[in-house]
Amino acid sequence: MDLDLRKLRYFVAVADHRHFGRAAERLYIAQPVLSRQIRAFEQELGCALFVRTTRSVELTAAGRRLHEEARGLTTAVEAALRRVRDADRGVRRIVIAFSPGLHVSEAIVAFTARHPDVEVGLVPSRWWEVDTPLRDGRAQVGHLRRPFDTAGLHVVPIGREPKVACVPVTHRLAGRGELLSADLDGEPVLDARRRRTSSVEEKFELVAAGHGIALVPLSVARSYPRPDLVHLTVTDAPPVETCLAVPEGGDEGPVADFVEIATPVLRERAAAQGQQTVREHPGAP
């Protein structure tokens, strides 16, 4: 079957909102039209995507799988269309993905000084899909933290930063200068296994509310300071590695120039922040 991207977009809206009325408002279409389109989409696929009751809309197993797959598909199509429009307008552009707490502004300033004709865009890289923007076409280069799947990517190491434990100011450990991992035994740590959060802000809200502690890279803690939290270096925790990453075969033209210019700038910034800068990585291509 041919995939109808419009119906796929309609499906994503309903899956996001779990409500046909709110999804229809977001899409600027009438609710009956949306309902018919979703039913037609289910018939084309040959499976139910939603369980509908008078009070709720829930995803079926097939719907949950499609929801996971659909975001990458729609995002990749949007990125491809943007590149087509850029080509038509003669626009030269690079888009940079960045992990929370990692700053690329100084590298962009240095790059723009030498390439004022190249537009620069930015896209956040969420912690549970670090390399996804590079693989679905949203970004051409990333300033990221390892670990992530480096297959098909060229990785340039930048630095290593320590992990810190973020705890409420009222926590029993808050007055300590630094910690060992053993000091955290028995503490509920907010991670993907215990509770998946969609943002750093959400995680820190939960920490401040007493729902657990968080282990995060030092730059994250510094980028989101709060008077009700303290961060303590965990001296025996393995450091977190930062890097630039580019899809193999895509490191040419403006992207290659950005990597060349950004690498020394970002390494200098990492050193200024107390990170250990690195120039080689045994797993790098």
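**Ground rules.** I number residues from 1 along each chain as its sequence is written, and I leave hydrogens and water out, using heavy atoms for side-chain values. As the model is predicted, I take local features only at pLDDT of at least 70 and side-chain atom pairs only at pLDDT 80 or more, while totals for chains, interfaces and linings use all residues.

**Overall make-up.** I looked up the secondary structure and found nine helices and 12 strands, where helices (H or I, at least four residues) and strands (E, at least two) are DSSP runs numbered from the N terminus. The C-alpha atoms fill a box of roughly 60 × 50 × 30 Å along the principal axes. Of the 285 residues, 44% count as buried; buried means under 20% relative accessible area, exposed over 50% and partly exposed in between, with a 1.4 Å probe and protein chains only. I then looked at contacts (heavy atoms within 4.5 Å): among those between residues at least 6 apart in sequence, 70% join residues at least 24 apart.

**Nonpolar cores.** I searched for nonpolar cores, that is, sets of buried Ala, Val, Leu, Ile, Met, Phe, Trp, Tyr and Cys residues joined through side-chain atoms within 4.5 Å. The largest has 20 residues, and those with the most contacts inside it are Phe 11, Val 14, Leu 34, Ile 38 and Phe 50. Two or more residues each come from helix H1 (5-17), helix H2 (20-27), helix H3 (31-45), strand E2 (57-59) and helix H4 (61-89), and the largest share, seven residues, comes from H1. A second, separate core has 19 residues, including Phe 111, Val 118, Ala 262 and Ala 270.

I also checked Ala 61, which has its place in helix H4 and counts as exposed because its relative accessibility is 54%. Its C-alpha atom is separated by 8.9 Å from that of Phe 50, 11 residues apart along the chain.

**Helix packing.** For H1 and H2 I noted an angle of about 130 degrees, with the axes 8 Å apart; axes are lines fitted to C-alpha atoms, for helices over the stretch in contact, and angles run from 0 to 180 degrees between N-to-C directions. H1 and H2 are therefore oblique to each other, since angles under 35 degrees count as roughly parallel, over 145 as roughly antiparallel, 65 to 115 as roughly perpendicular and the rest as oblique. On the H1 side the contact is made by Arg 9, Tyr 10, Ala 13, Val 14, Asp 16 and His 17, and on the H2 side by Phe 20, Arg 22, Ala 23, Arg 26 and Leu 27.

H2 also packs with H3, at an angle of about 105 degrees and with axes 9 Å apart, so H2 and H3 are roughly perpendicular. Here Phe 20, Gly 21, Ala 23, Ala 24 and Leu 27 of H2 meet Gln 31, Leu 34, Ser 35 and Ile 38 of H3.

**The six-stranded sheet.** I traced an open sheet of six strands in the order E4-E3-E5-E11-E6-E12, with mixed pairing; two strands pair if DSSP finds at least two bridges between them. Strand E4 (118-124) and strand E12 (276-277) stand at the edges with a single partner strand each, so one side of each has no neighbour in the sheet. E12 pairs with strand E6 (residues 153-161) in the antiparallel sense over two bridges, and Gly 159 stands opposite Thr 277.

Two helices lie across these strands. Helix H5 (residues 105-114) lies across strand E3 (92-98) and E4, running at about 165 degrees to E4. Helix H9 (residues 254-272) lies across E3, E4, strand E5 (141-145), E6, strand E11 (240-247) and E12, running at about 15 degrees to E6.

In the loop between E3 and H5 I found Ser 99, which counts as buried because its relative accessibility is 4%. Not counting residues up to four places away in sequence, Ser 99 touches Ser 125, Val 130, His 143, Leu 144 and Arg 145.

**Strand E7.** Five of the six residues of strand E7 (residues 163-168) are buried, so E7 is largely enclosed by the rest of the structure. E7 pairs in the antiparallel sense with strand E9 (residues 214-217) over four bridges and with strand E10 (residues 229-234), also in the antiparallel sense, over five bridges. Ala 165 stands opposite Leu 215 in E9, and its bridge partner in E10 is Leu 232.
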